[in-house]
Amino acid sequence: MGLPLNSPPHTAASPSDQQRSWAVSLCTLCAILGALLALSFKTQNQIRQSNVPAANYEGLSYEYLILKKKATDDERTIGSLQQNISDLENSAPSQNKQFQVLTDDLNRAKTLAGLTAVKGPGVTVTLNDSKKRFPDAPLAVQMITIVHDVDINQFVNELKAAGAEAISVNDQRLVANSAIRCAGPTVYINNTPQTPPYVIQAIGDAKTLDTALRLPDGAYDQMQRMDAAMVRIAHAEKLIIPAYAGATQPRYAQPVETNARSGADNKN
Amino acid sequence: MIWLALASGLIGFAAIWFTKGATIPIADASYLSLAALAGIDSLIGGLRAGTEGKFRGNVFVSGFVVNTLLAAFLAYLGDRLGQNLALAAVVALGGRIFVNLSITRRQWLDHRADLSSTRRAAQLAAKSPQQYAGEPTMDGESRN
């Protein structure tokens, strides 16, 4: 470089001891700066790879916090309202035999519908993304190393078929209209975003459920062949599955009257 | 000297770049970027001082350390206060880098021009010594 760095008027032509000591500190600082730059580049690379727009990181995190708070508040409201309903139902005079039968009926229906928390023996299935990387493999193979909504659906379906009485995924109780749906990097379960690991809990006969899951060429078998670390089945003596926390008021569906009159109409 | 500094910078860069675990949380990335920018600013300030012949090692070293830490701390404080102080640091540092680089460039060009005119004068003097005899050369370079 043609910069006249070494020719300030007050320094001697030959490097003195003082100059040498400054050379050492200059080199040290340059090394520190290089390290800082490398760390910075690496972190920015990471941000770019994780698909978080770095420029708007603050704005996004702010909105995320607001939405998260709102969701928590809403869930609490729903919980308290459902508690109210239960209280009202239980406040009916229990001495009355008719009421007793109706309440028992209602409780059974609610348990089936997933509106009450339940406990019992069962299995826990944990699904996680594979840590293995296949950079040279085709995209289809790379896609299998990630847990998809389809995989969770397959496991849940298998559990239902094997007689599971209550199922939850990441503490989201699955009810009749629950959906497990892929949404970008997350999976929406009951319209709440979930990220791996996905913990499926199912109450039922643990042995039956386990056997059903391990059927040859089933979802478990295929995933196990890809990467054994992706799926783990554990038996549990006592599982607690929470109640469904979403809204339960039907807006469009109306019950069809199935009393004697409509039956008579059909016959005519 | 300058090559030595560049080489040590590269060594420091490579040491971090090829170390697997050397990362920081993504939330702190902006502070680190600002610290790096302050480091670059200090280095270029030192370059300018060197070309002007006013380089002082202790000023340079203390400036590097203090500016780097101050920039990161200012950005952190700004985040805590809800004010984008990082922007102020970026504007100040970025502006200074531009100014210092342009001054360094001018001085380098002036220096080159000085050198070439001195050389021309020397050549002319060698061609016709009687015409230029006794005249002082530029920049105090001796012909004899």
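**View 1. Burial and fold of chain B in the predicted model.** Of the 144 residues in chain B, 25% are buried, a residue being buried if 20 or more other C-beta atoms, placed from the backbone, lie within 10 Å of its own, exposed if 12 or fewer do, and partly exposed in between. Chain B has five helices and zero strands, where helices (H or I, at least four residues) and strands (E, at least two) are DSSP runs numbered from the N terminus. The model is predicted, with local features needing pLDDT of at least 70 and side-chain atom pairs counting only at pLDDT 80 or more, whereas totals for chains, interfaces and linings use all residues. Residues are numbered from 1 along each chain as its sequence is written, and chains are lettered from A and ligands numbered from 1 in the order in which they are written.

**View 2. The contact between chain B and chain A.** The contact, for which C-beta atoms placed from the backbone must lie within 7 Å, takes 35 residues from chain B and 31 residues from chain A. On the side of chain B that touches chain A, α1 (2–17), α2 (29–52), α3 (57–81) and α4 (85–127) each supply at least two residues, and α1(B) gives the most, with twelve residues.

**View 3. Helix α5 of chain A.** Helix α5(A), residues 149–161, has 13 residues. Its buried residues are A:Asp151, A:Ile152, A:Phe155, A:Val156, A:Glu158 and A:Leu159; because they cover an arc of only 160° around the axis, taken from the directions from the helix axis to the C-beta atoms, they lie on the same side of α5(A). The face turned away from this buried side carries the exposed residues A:Val150, A:Asn157 and A:Ala161.

Key:
Two residues are in contact if their C-beta atoms, placed from the backbone, lie within 7 Å. The expected span of a helix is 1.5 Å times one less than its number of residues.
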